[in-house]
Amino acid sequence: MQSLADLTSSSRLTTGDIPPPLVGATTTVVGHHVYVFGGRLVTTRRMTSDIYVLDLRTSIWTRTIESSAPSHAPKPRYFHSANLWQEYLVIFGGMSTSRNTVDGLCVLNDVVLFHLRTHTWRIIEPGPDSGPHAPKARYAHLSAVSGGHLIVVGGQDLTNNYVEQINAFDLQTLTWTSSRPCEKHCGAYRSVAMCAQYVSNEQLYPDDADTEREKLGSLDSLASPTISIASSSNMRPLNSRGRSFSIGTSGQSEPSSAGMLTHSTPTDTFFTQISPRPIPPRLANPIYIYSNYNFADVQRELQVLPPILAKESPVEDISYKMGGSALPPGLRFPNGAVIGNWAVLGGTYLTNSSQTYSLWALDLNTYQWQRLDTGSVFASGSWNRGVLCYDLNAFVVFGNRERSLVEDYNHRQTNFDHVTLIDLESFGIYQPPQLEHSPLAQSVGLSMLSDTGMADMEVLTLDGKRIPCCQRVLVTRWPRFNEIFAEASTNNQLRLASLAQQALQQGGGRKGSGASLNSLPPMPLSPSFLASTNPRVLYLPHPYTVAHAFLQYLYTESLTAHPSQRIPQTLSALLVFSRVYGPVNLGSLAADQLHRQLGMGTAAMTYEAAALTGRRGLQIRSLKVMILAKKALMEQKRQGSESASSGGGGSRRGSEAVSVSAQTGGTEMAKGHSGIRADSTTMSRKQSLAPVAPMSMGMSPLGPVAREESPRRGTEDGSLVDATRRMNI
C-alpha cells in the first residue's frame with residue numbers, strides 16, 4: 001500500500017546520450033537542465049572533459065559538442081567544482097593527469113569558464129603575477145558563488161593533506177582578490193557549501209532602510225515608483241450609466257501573453273506610472289558550510305562564511321544553534337543548497353542496517369532540523385548525487401534502481417540512468433515569490449485605488465457592489481484584460497451592426513443589402529454585454545471581498561499590502577481565479593500565503609483550491625495537515641471515552657492536553673515541520689474530509705490532478721487522486 005510520503009517523489013528512466021558511470025563528476029543546474037562535466041570513467045579509469053546535459057522536462061540526455069578547437073578545451077579532471085554564474089559554468093581545480101609525476105597525477109588550481117550559449121572555453125591559469133591570494137592546487141574542495149565572487153574552501157592536495165585555505169576570485173576582473181585561513185578540515189567527502197541564488201525580500205526592503213541604504217544603494221532606485229500625476233481636471237467623470245462587459249465563469253483558456261492594447265484612454269495623461277523595478281546588482285549572500293565526521297559517533301558543524309573575505313568579518317561557528325527532534329546521520333559526500341529560508345541537505349547514509357540516500361532540511365531561522373520523508377523511492381537501488389532545481393522547486397537525485405549502493409559507493413561511482421525529483425513544496429520548502437515593489441510603492445497603489453477621482457471605469461461584483469478603478473492599471477498589470485476588452489468591443493460592434501440592420505428593415509430598406517448582416521451570430525441575452533464601443537463596467541462573478549482583493553493586487557502586485565487580502569477564503573478564490581484568468585504571479589503569491597496560513601482550520605479549503613489549480617505540493621501538504629487533525633480528534637475522543645469509563649477527574653485536563661497538542665502540531669505543519677508522521681493509512685473511506693464551499697469555476701474538484709499524466713516510462717508515481725484512493729482516504 002502506497003503511503004502519503006510516496007507521493008512527494010517522482011522517479012523516471014532517462015534516455016538519450018546517457019553519461020557512463022563516472023567518479024568525481026560535477027552536476028550543475030541551469031534552469032530546467034543539469035550539466036554534468038568531467039569525471040573519471042569507471043571502466044577504463046580515463047579522465048574526461050565531456051559535458052552532458054539533461055532536460056528535466058523530457059528526461060533526455062544530450063552530449064554537448066564544444067565549438068572551440070580541442071587545444072582550447074580544459075584538462076580532463078575529476079573531483080573538481082562547478083558553479084553557475086550568469087551565462088557561464090565556473091570550474092575550478094580538481095585532479096588530472098601529468099607526465100611529470102611518478103603516479104601520473106596532479107592537482108589543479110586553474111579557473112575554467114564555459115559559455116553556456118556559445119559553448120566556448122576560457123581558461124585562467126594562475127601565474128607569477130597572480131598576487132598573494134592565488135590559491136593552492138587542490139581537489140575534493142568546496143565552492144560557491146556569491147556577490148560576483150567564486151569562493152573556494154578547503155580541499156586536499158596531491159598527498160591527501162587538507163588545504164587550510166579559503167580564496168576569493170572576482171568573476172568580473174578575473175583576479176584572485178582575497179584569501180584567509182580555513183580553520184576547519186573541509187572536503188567533498190564530509191562537507192558541503194551552500195549559498196542562496198536569489199535575493200530575499202528582506203534584503204530588498206529591510207525594515208531599517210537607513211541602516212541598509214549604504215549596503216544596497218538607493219532603495220528608491222531599486223523599487224520605489226516613479227510618480228507623474230497631472231491635474232485631475234483632465235479626467236472625464238465616470239458615467240454610472242456606462243455600458244458593461246463581463247468575465248463569465250465558463251472560460252477555460254490559459255492566461256494570455258498578449259501585449260498591452262494601444263488604444264487611448266482618458267487616463268493616459270495622469271496615470272501613476274509605476275516603473276518596473278530594475279534588476280539590482282546581485283547582492284552577496286552568506287555561505288553556509290555544513291560538515292559531519294566520525295560517522296560512528298557523528299559530529300556536526302555549521303559555519304557561516306561572509307561573502308567578503310575581510311579580516312573584520314570572521315567566520316561564524318553556529319554549530320551550537322542546531323537542534324531538532326532528530327538530527328541528520330552521518331552523510332557521505334553530502335549535497336545541498338539554500339532555497340528560501342531552508343538549507344536542503346542530502347547524502348549517502350550507510351550502516352549495517354540501512355543503505356539509502358537520506359534527505360534533510362534545516363530551517364535557517366530557527367536552525368531546527370527536519371527529516372524529509374520521501375517514502376520508499378530510495379529503499380532500493382544506488383542513489384548518490386543530488387542537486388536543487390529552483391525552476392521546478394525540486395531536489396533532483398541521480399542513480400540506478402537496479403544497482404547496489406554499497407558497491408557503487410566503494411568505487412565512488414555515480415550513475416545517471418534514473419532520476420528522482422522530490423517535490424519540496426509538499427514539505428513547505430520553496431522559494432517565496434519576490435515582491436515587485438517596496439512597501440512605500442504598495443501604499444501609493446492602495447491610495448490610487450481608494451481615490452475615486454482617478455477612476456475611469458468600474459468593477460461590478462457578484463453581490464451587486466461597484467468598485468471604481470483605472471482602466472490603464474488593468475491593461476498594464478493584467479494581460480487577460482486585453483483579450484476581454486477586445487472580445488467585448490468586437491461583440492458590441494456586431495450588436496450595433498445587427499441593430500442597424502433591424503432599423504433598415506423597419507424603415508423599408510432593401511432586403512438584399514443586409515444579407516451578410518442577417519448571417520451574424522446572435523448576441524448573448526446576458527445583460528453583461530450591452531451596445532458600446534468603449535466598455536466602462538467590468539463584471540466579475542465573485543463577491544466584493546475577492547474582487548476588491550484582486551484589484552488591490554493589480555495596484556500593488558502584492559497580497560500583503562492590506563489585511564483583507566490575507567483572508568484564507570479570499571486567497572483560495574484568488575488562487576483558482578489566477579488559474580483561469582491570470583496573472584501567473586497572482587497564483588504564486590496566493591499559494592505562498594496559503595502555505596503560511598496552513599493549519600487545521602484552513603487545510604480542507606486549501607486542499608480543494610490546490611486540487612483545482614494543479615498545485616500538487618500544496619495539495620499534499622494540506623492533506624498531511626488534515627490527516628494530522630483527524631488523528632488528533634480520534635485521540636481526543638479515545639481519551640475522552642477512557643476518562644468517562646474510569647470516572648476519573650482528569651478527563652478535562654486530558655482533553656485539553658490533546659487539544660493543545662493538536663494545535664501545536666498544526667502550527668508546526670504550517671511552518672513546514674513534519675514532527676508527526678502522516679502515514680495516512682488509518683482513515684477509512686467513510687471518514688470523509690471536511691466539506692468546503694465549491695469554487696464554481698467549471699472544473700471538477702480534482703480535475704487538474706486527476707488528468708495529470710505519468711511522467712515517463714519507468715515512473716513510480718501515479719496521480720494523487722488514485723493514490724489517496726489506494727490509501728482509503
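Helices (H or I, at least four residues) and strands (E, at least two) are DSSP runs, numbered from the N terminus. This is a predicted model: local features need pLDDT of at least 70, side-chain atom pairs count only at pLDDT 80 or more, and totals for chains, interfaces and linings use all residues. Residues are numbered from 1 along each chain as its sequence is written, and side-chain values use heavy atoms, with hydrogens and water left out.

**Overview**

The protein has 16 helices and 32 strands. Of its 729 residues, 53% are buried. Buried means under 20% relative accessible area, exposed over 50%, partly exposed in between (1.4 Å probe, protein chains only). A contact requires heavy atoms within 4.5 Å. Take the contacts between residues at least 6 apart in sequence: 66% of them join residues at least 24 apart.

**Helix H9**

Helix H9 covers residues 544-556. Its 13 residues should span 18 Å at 1.5 Å a residue, and its end C-alpha atoms are 18 Å apart, which agrees. The expected span is 1.5 Å times one less than the number of residues. H9 is mostly covered, with 11 of its 13 residues buried. Among them are Val546, Phe550, Leu551 and Leu554. His548, Gln552 and Thr556 are buried too. The buried residues of H9 pack against H5, H10, helix H6 (471-477) and helix H11 (584-596). They also pack against strand E30 (457-460) and strand E31 (466-469). Glu557 follows H9, and its phi is positive, near 50 degrees.

**Helix H5**

Helix H5 spans residues 439-450. The buried residues in H5 are Ala441, Gln442, Val444, Gly445, Leu446, Met448 and Leu449.

H12 is mostly covered: 11 of its 11 residues are buried. They include Glu608 and Tyr607. Gly614 follows H12 with a positive phi, near 75 degrees.

How do H10 and H12 pack, at what angle and how far apart are their axes? Helix H10 (residues 568-581) and helix H12 (residues 603-613) pack at about 5 degrees, with axes 9 Å apart. H10 is therefore roughly parallel to H12. Angles under 35 degrees count as roughly parallel. Axes are lines fitted to C-alpha atoms, for helices over the stretch in contact, and angles run from 0 to 180 degrees between N-to-C directions. H10 contributes Pro568, Gln569, Ser572, Leu575, Val576 and Arg579 to the contact. H12 contributes Met605, Ala609, Ala610, Leu612 and Thr613. These contact residues divide into 7 nonpolar, 3 polar and 1 charged. Ala, Val, Leu, Ile, Met, Phe, Trp, Tyr, Cys and Pro count as nonpolar, Asp, Glu, Lys and Arg as charged, and the others, Gly among them, as polar.

**Two open sheets**

Two strands pair if DSSP finds at least two bridges between them.

| E6-E3-E28 | antiparallel | E6 (residues 40-41), E28 (residues 413-414) |

Strand E14 (residues 149-153) and strand E15 (residues 165-170) pair over 5 bridges. His149 stands opposite Asp170 in E15. In the sheet of 3 strands, 2 bridges join strand E3 (residues 22-23) to E6. Leu22 stands opposite Leu41 in E6.

Key
Parallel < 35°, antiparallel > 145°, perpendicular 65-115°, else oblique.
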